[in-house]
Amino acid sequence: MKSHMITGGGGIQLHVVETGNASGQSIVFIHGLSQCWLAWSRQVNSELADTFRLVAMDMRGHGLSEKPRESYADSRLWADDVRAVIKTLNLDHPLLCGWSYGPLVILDYLRHYGEDDIRGVNFVGGVTKLAAMQQRRY
């Protein structure tokens, strides 16, 4: 398993792990609130790795990624984080898979960058609307 530090939105450092078939179709796993890439450990350590290139990121403020004091309310920064992972690792039209809060980050990506550079999305137990999200500025 490879570990990377990638510069995300606003210049913060994001921790990302990668495993699997380097020439396979990419899947990017995005965890939920108060979690880290280890939430996807069963997936990245499964037979999926025989066929797919598996990438799991620690979102900003989580795991081994930087924890800025600010920069959580701006949806563009969350979208920039996902885009940075896609571009830095040269992922060819990955599938974005999010769990819990992860789908909100995927929706941020879609809002700002559209769907042209991804193959699809998969929301696993995803939250797509929160009362607290009303406070977030888009």
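**Exercise 1. A glycine and its neighbours**

Find the residues that Gly-61 touches, not counting residues up to four places away in sequence.

*Solution.* Step 1: leaving those neighbours aside, Gly-61 touches Glu-66, Lys-67, Pro-68 and Tyr-72, where contact means heavy atoms within 4.5 Å. Before going on, note that this is a predicted model, in which local features need pLDDT of at least 70 and side-chain atom pairs count only at pLDDT 80 or more, while totals for chains, interfaces and linings use all residues. Residues are numbered from 1 along each chain as its sequence is written, and side-chain values use heavy atoms, with hydrogens and water left out.

Step 1: Gly-61 belongs to the loop between β4 (53-57) and α3; helices (H or I, at least four residues) and strands (E, at least two) are DSSP runs, numbered from the N terminus.

Step 2: check its accessibility. Gly-61 has a relative accessible area of 25%, so it is partly exposed; buried means under 20%, exposed over 50%, and partly exposed in between (1.4 Å probe, protein chains only).

Step 3: compare sequence and space. Gly-61 and Ser-100 are 39 residues apart along the chain, and their C-alpha atoms are separated by 16 Å.

**Exercise 2. Aromatic pairs**

Work out why the pair of Trp-40 and Trp-99 is edge-to-face, then look at the pair of Trp-78 and Tyr-101.

*Solution.* Step 1: start with the count, which is five aromatic pairs in the structure. Rings of Phe, Tyr and Trp (its six-membered ring) pair if their centres lie within 6.5 Å; planes under 30 degrees apart count as stacked, over 60 as edge-to-face and the rest as tilted.

Step 1: apply the rule. The ring centres of Trp-40 and Trp-99 are 6.5 Å apart and the planes stand at 75 degrees, so this pair is edge-to-face.

Step 2: Trp-40 is buried at 5% relative accessible area, whereas Trp-99 is partly exposed at 33%. Together with Phe-29, Trp-40 and Trp-99 form one aromatic cluster.

Step 3: turn to the other pair. Trp-78 and Tyr-101 are also listed as edge-to-face, 5.8 Å centre to centre with 65 degrees between the planes. Trp-78 lies in helix α3 (residues 75-88) and Tyr-101 in the loop between β5 and α4 (102-113), so this pair ties together parts that are 23 residues apart in sequence. Trp-78 is buried, at 4%, and Tyr-101 is buried, at 11%.

Step 4: look for a charge. The charged end of Arg-60 sits over the ring of Trp-78, 5.9 Å from its centre; the rule asks for NZ of Lys or CZ of Arg within 6 Å of the ring centre and within 35 degrees of the ring normal.

**Exercise 3. Two packed helices**

Describe how α3 and α4 pack.

*Solution.* Step 1: take the geometry. The axes of α3 and α4 are 8 Å apart, at an angle of about 90 degrees; axes are lines fitted to C-alpha atoms, for helices over the stretch in contact, and angles run from 0 to 180 degrees between N-to-C directions.

Step 1: name the arrangement. α3 and α4 are therefore roughly perpendicular to each other (under 35 degrees is roughly parallel, over 145 roughly antiparallel, 65 to 115 roughly perpendicular, the rest oblique).

Step 2: find who makes the contact. Residues on the α3 side include Trp-78, Val-82 and Ile-86, and those on the α4 side include Val-105, Tyr-109 and His-112.

**Exercise 4. Cysteines**

How many disulfides are there?

*Solution.* Step 1: a disulfide is a pair of cysteine sulfur atoms within 2.5 Å. Step 2: the sulfur of Cys-36 has its closest cysteine sulfur in Cys-97, 16 Å away, too far for a bond. Step 3: the count comes to zero disulfides. Cys-97 itself is buried, at 5% relative accessibility.
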